[in-house]
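The sequence and structure come before the details.

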Amino acid sequence: MLTLRAPAKINLSLEVLGKRDDGFHELVSVVQSISLFDILSIEPAATISFQCTEPSLTENNIVEKAAVLTQQYFGIKDGALLHLKKVIPAAAGLGGGSSDAAATLLGLVRLWDLRATPEQLLQLASDLGSDVPYFLHGGTALVEGRGERVTKINNSRITWYVLVNPGFAVPTRTVFEELLPDEWTSGQPTRDMAEHFHDSRRGPNGFNGLQNALFRLYPEAMECFQKVDRIAPCGAFVSGSGPTVVASFTNKDDAITAQHAWSSMSYWTCVAATLATGGAVHTCDH
Ligand code: C5P
């Protein structure tokens, strides 16, 4: 049996440059994987089947889609039993489903001993979703295009993050649909952040071009943001299409103290740190 850890991500900066002919948006984002994980177990089986600790996520799960796509693409006769322990909140702007899909691809490459080239993996990942290519690599990265152009950023600095989620799911598509052309930006601040990642003294502070569209759709998301922003030492930012709000800290104790304040407001909270090195998926021992 293989057991893989699929990390969450946060967007330290995210700009939308414009809308493309294929209906997707052109993005520039600095993305960071963090120490909050779903756990995916994969074992050999005659057919593909999927189980999840969260019953509402069992139907049409991206993990099962990733497995079927990989099986078809490589013409594999074997199946696999995939079991997902869901820890990362779903539809929260934390990339959980995309990370699960990347873990599935990478896990099945090992289980089925596939000779997959990086180009083939990138193709499969892009077909599964815009955030999936990033999770083939993880760490700190500049992500461009629809999400398929991923450039690693060297980062050895550990930052502690408190994640605060107001407890409802936000479909990414609805936030992109709400976005107005005058909320499109040049991408230069995000590229500057990527280029000067190590120069920033207090750590990069997030900008999110989707944030105002999210707040128009969900006033409760704005309320959550304001409550976090009010007492976060470096301010708060929304990750991805939200609604999870993030605050950065240079040490763990301060992060835990702040977490207590926000969890007493009945929000879901979690403390997680930068995953500074390596790929998105870590195989546990078995
Ligand atoms: O690629 P994914 O299925 O994760 O995207 C979900 C939705 O988010 C898309 O259907 C699209 O509406 C929107 N999206 C976008 N531009 C991107 C990524 C996502 O418009 N670069």
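## Ligand shell

β2 (25–45) and α5 (172–178) each contribute at least two residues to the shell around the ligand. The largest contribution comes from α5, with three residues. Helices and strands here are DSSP runs numbered from the N terminus, helices being H or I with at least four residues and strands E with at least two. The model is predicted, local features need pLDDT of at least 70, side-chain atom pairs count only at pLDDT 80 or more, and totals for chains, interfaces and linings use all residues. Residues are numbered from 1 along each chain as its sequence is written, and side-chain values use heavy atoms, with hydrogens and water left out.

The residues around the ligand are Gly23, Phe24, His25, Leu27, Gly129, Ser130, Arg146, Thr172, Arg173 and Phe176; a residue is near a molecule or strand if one of its heavy atoms lies within 4 Å of it. Sorted by class, this shell holds three nonpolar, five polar and two charged residues. Nonpolar covers Ala, Val, Leu, Ile, Met, Phe, Trp, Tyr, Cys and Pro, charged covers Asp, Glu, Lys and Arg, and the others, Gly among them, are polar.

## Polar contacts and cover of the ligand

A nitrogen atom of the ligand is 3.1 Å from a polar backbone atom of Arg146. On its own the ligand has 440 Å² of accessible area, of which the protein covers 74%. Accessible areas come from the Shrake-Rupley method with a 1.4 Å probe, and for residues only the protein chains shown count as cover.

## Helix α1

Helix α1 spans residues 62–74, which is 13 residues. From first C-alpha to last it reaches 18 Å, close to the 18 Å expected at 1.5 Å a residue; the expected span is 1.5 Å times one less than the number of residues.

Which residues of α1 are buried? They are Val63, Ala66, Ala67, Thr70 and Gln71, where buried means under 20% relative accessible area, exposed over 50% and partly exposed in between (1.4 Å probe, protein chains only). Seen down the axis of α1, these buried residues fall within an arc of 130°, so they line one face of the helix. The arc is that of the directions from the helix axis to the C-beta atoms. An α-helix has 3.6 residues a turn, so residues three or four places apart point the same way.

Ser56 lies in the loop between β3 (48–52) and α1, and counts as exposed because its relative accessibility is 58%. Its side chain makes a polar contact with the side chain of Glu54 at 2.9 Å. A polar contact is a pair of N or O atoms within 3.5 Å; within protein, one must be able to donate a hydrogen and the other to accept it, and residues adjacent in sequence count only if both atoms are side-chain atoms.

Asn60 is in the loop between β3 and α1. Asn60 has a phi near 55°, a positive value in a residue other than glycine, and is exposed at 65% relative accessibility.

## Other loops

Thr274, in the loop between β11 (268–273) and β12 (282–283), is buried, with a relative accessible area of 6%. A polar atom of the Thr274 side chain lies 2.8 Å from the backbone nitrogen of Thr159.

Gly242 and Pro243 are joined by a cis peptide bond with omega about 5°. Pro243 sits in the loop between β9 (236–238) and β10 (245–249).
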